[in-house]
Amino acid sequence: MTKPQLRWLPLISLAAISLVTISACSSTRTSWRKDTDVKGTPVTSGVPAIPREFRAVWVATVANIDWPSKPGLSTQEQQDELITILDRCVEMNFNAVVLQVRPTADALYASELEPWSYYLTGEMGKSPKPFYDPLTFAVREAHARGLELHTWFNPYRALHPNNKGKVSDNHISKTHPQIVHKYGPYLWMDPSEPVVQQHSLNVILDVVRRYDIDGVHMDDYFYPYIVKDDEGNDVDFPDDRSWKTYKKSGGKLGRSDWRRKSVDDFIERMYKSVKELKPHVQVGLSPFGIWKPGHPKQIKGFNQYEGLYADAKLWLNKGWIDYFTPQLYWEIAKPDQSFTALLRWWVQENSKNRHVWPGIAPYRTGKQFDENEIQYQIKWTRIITPASPGTVHFSMQSFMDADSDLSKQIIKTVYAKPALAPASPWLGSDKPAPPSAQVTDIANGVISVRTEPNVTGNVRLWVVQIQQAGTWSYHLIPATQTTATIELADTDAHVDQVIVSAISRTGIQSTYRSLELPKPEVVEQAAPQDAEPTADEPDVTEPADDEPAQTETADEDTDEEQDEPAVK
């Protein structure tokens, strides 16, 4: 399929089907009649399925890793940079963005609960000037491009050493200093403090309630990674206050189990609370990639179960997530931390059949990784999780240069065509209604399609599938649009069929609807009285009958083997 070039028109109401193609000859012409009241007929079979794959990228704001490029940019500069990022996501055929909105108990959006982020304006607590809400802007612009927007929260980190400015008076380290501790170069909230748990939950639910987001996301920072003193000894997290309170209340757990249970309780409560508020909003967790050394047997390395007090296996087993993104930042062929061995192990633990979409590390390309590692990892996810493949890339920096070898390779191979995100039927399995749509024009190798406005808000995308000479192409249209102009895959071939469908907020596809193509009519032109018919005068005929559909089954060039990478 040729990647469509979309040219969006303003939001307009539904109009009539009109398709105009003129073919001139000496004494007759073929024109196309407008059918003004046909909205299409249902289709039950014969249309190829659209490839499904979650293709997301982290956009980190802490330390200005991805956006904004530095603190204190003007509103216009911030918006321009974010638009550039979102446009690059579309060019790369990504379908989701994971935007960090709470890096250090602060907010990259308008909040009454926490101060404006230093990373946004260069001064904690200072709003953008002229004022705008970056999250409202990000959601609107992402959806206008057909991208999901997931909000990324750090639940416990209170301050990062990159924050060089003054801490504002409404920061939690000032309002509740007893629950915030200095640990190494960071300030960290105590995960076992009920006040911390409630505050972080309130922050997350505030965003879910007020913004039209598609997901809530957290990474691997629960309890902090262990720091060492000047002599190289491990420094225990300074939670004596909450630990003593727990013991005095009759608590029976050991300290490590108590810490883990505090995190477990927060994860469970957060997941259930989001579902009560907006069931379609996905919850994604991205823990460290190794649960414990020895799981699976060959694996060595850091133990997050003891080091971060994160029982990520339990969260997956219990289904307290909708998608699970273990950070598998190692090579396929590295036996001690093999990408494929770890992914297979996590998939085996997925008893609730949630999505397992590993986090991968394109930033390591040219360093620890060779030039083929990332595309091989993506191919392996398709083999190991064929029903619901996907990956999340750290981070957007790796793809901002369209001329980089990595960008060119990914778009040429594994992301050569767009893909729908896999469906999440446990979040809502009702099919949306198929769209009422019309073809308004076909001319000069371009087809224009118009749909009714998405008044219910339960549709994420429209899908337009076009058959020409027996070959199908597909085009994903943001539901925020009602009109799209699409370049035909074959500008010389006749259009046989146009099929439309809708994709719900949970990824469920509607039934297909075939748009009735306009019918040709013959318009006779008066000939001079002395003119005689010529032998080569062409006949006017109906368009050719539909040819059988050819199903597309791969999302990359057909000469790319799915099983090319090998575990060594």
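Here are some worked exercises on the predicted model shown above.

This is a predicted model, in which local features need pLDDT of at least 70, side-chain atom pairs count only at pLDDT 80 or more, and totals for chains, interfaces and linings use all residues. Residues are numbered from 1 along each chain as its sequence is written, and side-chain values use heavy atoms, with hydrogens and water left out.

**Exercise 1. The whole chain**

Task: find how many helices and strands the protein chain has, and what percentage of its residues count as buried.

Solution: 
- Start with the secondary structure: the protein chain has 12 helices and 26 strands. Both are DSSP runs numbered from the N terminus, helices being H or I with at least four residues and strands E with at least two.
- Next comes burial: 56% of the 568 residues count as buried. Buried means under 20% relative accessible area, exposed means over 50%, and partly exposed is in between (1.4 Å probe, protein chains only).
- Last, take the contacts between residues at least 6 apart in sequence: 75% of them join residues at least 24 apart. A contact means heavy atoms within 4.5 Å.

**Exercise 2. Helix α11**

Task: work out how far α11 reaches, how many of its residues are buried, and what covers them.

Solution: 
- Helix α11 covers residues 373-384, 12 residues, and spans 16 Å from its first C-alpha to its last. That is close to the 16 Å expected at 1.5 Å a residue, where the expected span is 1.5 Å times one less than the number of residues.
- Since 11 of the 12 residues are buried, α11 is largely enclosed by the rest of the structure.
- The buried residues of α11 include I374, Y376, I378 and W380, along with E373, K379 and R382.
- The cover over these buried residues includes β5 (54-59), α10 (339-348), β17 (359-360), β18 (390-393) and α12 (405-412).

**Exercise 3. Two helix pairs**

Task: describe how α10 packs on α11, then how α5 packs on α7.

Solution: 
- Two packed helices are described by the angle between their axes and the distance between the axes. Axes here are lines fitted to C-alpha atoms, for helices over the stretch in contact, and angles run from 0 to 180 degrees between N-to-C directions.
- The crossing of α10 past α11 is right-handed, meaning the near helix is turned clockwise from the far one by less than a right angle.
- F339, T340, L343, R344 and V347 of α10 meet Q377, W380, T381 and I384 of α11. By class, this contact has 5 nonpolar, 3 polar and 1 charged residues. Ala, Val, Leu, Ile, Met, Phe, Trp, Tyr, Cys and Pro count as nonpolar, Asp, Glu, Lys and Arg as charged, and the others, Gly among them, as polar.
- For the second pair, α5 (194-210) and α7 (255-277) pack at about 25° with their axes 10 Å apart. That makes α5 roughly parallel to α7.
- α5 also passes α7 in a right-handed crossing. Residues in this contact include L201, I204 and L205 of α5 and F266, M270 and V274 of α7. The class count is 8 nonpolar, 5 polar and 2 charged residues.

Technical notes:
Angles under 35 degrees count as roughly parallel, over 145 as roughly antiparallel, 65 to 115 as roughly perpendicular and the rest as oblique.
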